[in-house]
Structures are given as structure tokens and as C-alpha cells.
Amino acid sequence: MAEEFAVLESSLTDAAKGGNIDHVIALLRDVGKLHHLWQPNAAQAIAIGKAADACLRKDGDQGVAKPPDDAAATSEQPSGGEKLLKGYMVSSVNEWGADQTRILLISEDSIHRVKYNFAKEEVVSWHSTSMKDILRVEYGNFKAAGSSLTTFFWRRDIEDQQGFRIYTASRDGKKSINDVVSEEVVPALQGDEKEVAPPVAAKEEFFREYRALLAEDEPWKEEVFMLEVIAAMQAAKQLKGFPFEVRLTKMVKNIPGGVFTMMHNANRRRQHGF
């Protein structure tokens, strides 16, 4: 597996550094099944096509989906605007630590996280992040934080997982309960008892965490999926010379929602419809 991805990464790097975006797209789509990369099933392919049409057609604006101007069939490569390198089905981890089924679109300019309603076959909403706003990308295994009973009891499950995080200077999503406590509750409780010089503000950064969709069902595929997405991010970085760092590391994982989040995640896996 390591050798296969080394070959893929080398080919992607050569194509991206040469500015050959069409070859990058062809490598990632893996039409000839040369690298055995992730491929969507029929329902997922339709969803990714509609997501690409909605997001890329509007040049990556964040918002709620609106019907297209015409009834033309959707495509994974809308005309004009950004070019989609590849779309993936992922588990996006929200502010409570809960897994959410999302589509992740990687273009040469942005990443788009898309909420899609499979029952109605329509895009609900999306959030876009420009590649120039990414501070770094981390990937690898998780390490359970030692600060809660939840991470203590689910330590083995957490540390068997692999995924990646995309760091930005602005918050991607809502505040977690931990953020609310540290940023709002604690300062309010401390009050104005004494005047102190304000500390020098550290540069804030926030991350969004992703894993392979329903990786627990086929855990051996999780590393393969993670490495492929990282290769796609590396290619996007090199196509236009974006300065963000991509690094392998152990990522400390909290579960702000505690046991209720773990129950939600388990129930979600049982009820997933496609």
C-alpha cells in the first residue's frame, strides 16, 4: 500500500507542479482503476455531481442551495469557475464530536463541505473554505484526551481511528461546549475583581475534523482513504503554490458531547441508508 501511494503521490506532484490540472483530475478519478482509489456508488455519484453543480456553479459561495436556472443534468465538472479535482463522502465531526455525513469537494481553489438530503436527492447547504485561508492540514491516528471519562472509556475506539484536520484562522462551525465554557462562562465568573494587563493574544486557529464515511464498517480502508484525500490536498496546494503545511501527526481527540455523542454515532451507523 505504501508503495502504491508513493507512486500516486509522485505522479500527482509532477502533474501539479507542471500545472497540468487535467492530469491531476484523471489521476484522482482513477478511471482505469490503476491505483484502486475510492469510488462513489451510484447514489453517491449523483449526490457529488449535484453538490459540485451547486457549489462550483456559484463560485464557492457559502449558503443554502437554490434550484438551478435550468433543468439541465448536473455534472461533476460544471462549466466555468473552479475545477473539481474530486468529491468524497466523509464523516465530518461537528462541535460536539458527533459524526455527520457530508460530501467534501476539493477544487484547485477551495474545499466545500456539503450537506445533502439523500431521500430528496437535493443539496441542503454548504460551507466553503478557500485554499489560501488554510493554515495547515494534519493527518494520522488519534490520541484520546485524558480530560474526560468519555475519552477514558472509549480510548481504544478513539485510538483505532485515523483521519485528518483542516486548520483555519476562523471558526468553521459553531462553538463546542468546551469553547463556550472557556470563552464565555469562565470570564463571566471571574468578573472584574482586579485590573490586570491584558495578555498578548495568541494567534487563534480552529479545525474541522474528517474521517472516511462509516469507517467502522471497514476499518482497513480508513488509512487508504485518508492517504488519498491527503494526496488530493497536496496536489491542490502545489497547483497554485498555496503555503499551508501538510503534516503527519498524532491528533489529540476530545468528545465534547460525552456519552450522548458516542451513542449518537453508534445509532447513526446502524441507521445509515445507503
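Arg165 has a relative accessibility of 4% and therefore counts as buried (buried means under 20% relative accessible area, exposed over 50%, partly exposed in between, with a 1.4 Å probe and protein chains only). The model is predicted, so local features need pLDDT of at least 70 and side-chain atom pairs count only at pLDDT 80 or more, while totals for chains, interfaces and linings use all residues. Residues are numbered from 1 along each chain as its sequence is written, and side-chain values use heavy atoms, with hydrogens and water left out.

**Salt bridges**

- A search of the whole structure finds eleven salt bridges, each defined as a side-chain nitrogen of Lys or Arg within 4 Å of a carboxyl oxygen of Asp or Glu.
- Arg165 pairs with Glu209 in one of these, with 2.9 Å between the closest N and O atoms. The two residues lie 44 residues apart, Arg165 in strand β7 (residues 162-168) and Glu209 in strand β8. Glu209 is buried as well, because its relative accessible area is 4%.
- Arg211 and Glu222 form another salt bridge, their closest N and O atoms 2.7 Å apart. This pair joins strand β8, which holds Arg211, to helix α7 (residues 220-240), which holds Glu222, across eleven residues. Glu222 counts as buried at 3% relative accessibility, and Arg211 counts as buried at 3%.
- Salt bridges with shared partners connect Arg136, Glu138, Glu205, Glu245 and Arg247 in one network.
- Within that group, Glu205 and Arg136 meet at 2.8 Å, N to O. Glu205 sits in the loop between α6 (177-190) and β8, and Arg136 in strand β6 (residues 134-144), 69 residues away. Glu205 is partly exposed because its relative accessibility is 37%, whereas Arg136, at 13%, is buried.

- Helices (H or I, at least four residues) and strands (E, at least two) are DSSP runs, numbered from the N terminus.
- Strand β2 covers residues 84-93, and ten of its ten residues are buried.
- Two strands pair if DSSP finds at least two bridges between them. β2 runs antiparallel to strand β3 (residues 99-107), with nine bridges joining the two. Lys86 is placed opposite Ile106 of β3.
- Five residues separate β2 from β3 in a hairpin, and Gly97 in the turn has a positive phi of about 90°.
- β2 is also antiparallel to strand β8 (residues 206-212), through four bridges. Val93 has Glu209 as its bridge partner in β8, and Glu209 also forms the salt bridge with Arg165.
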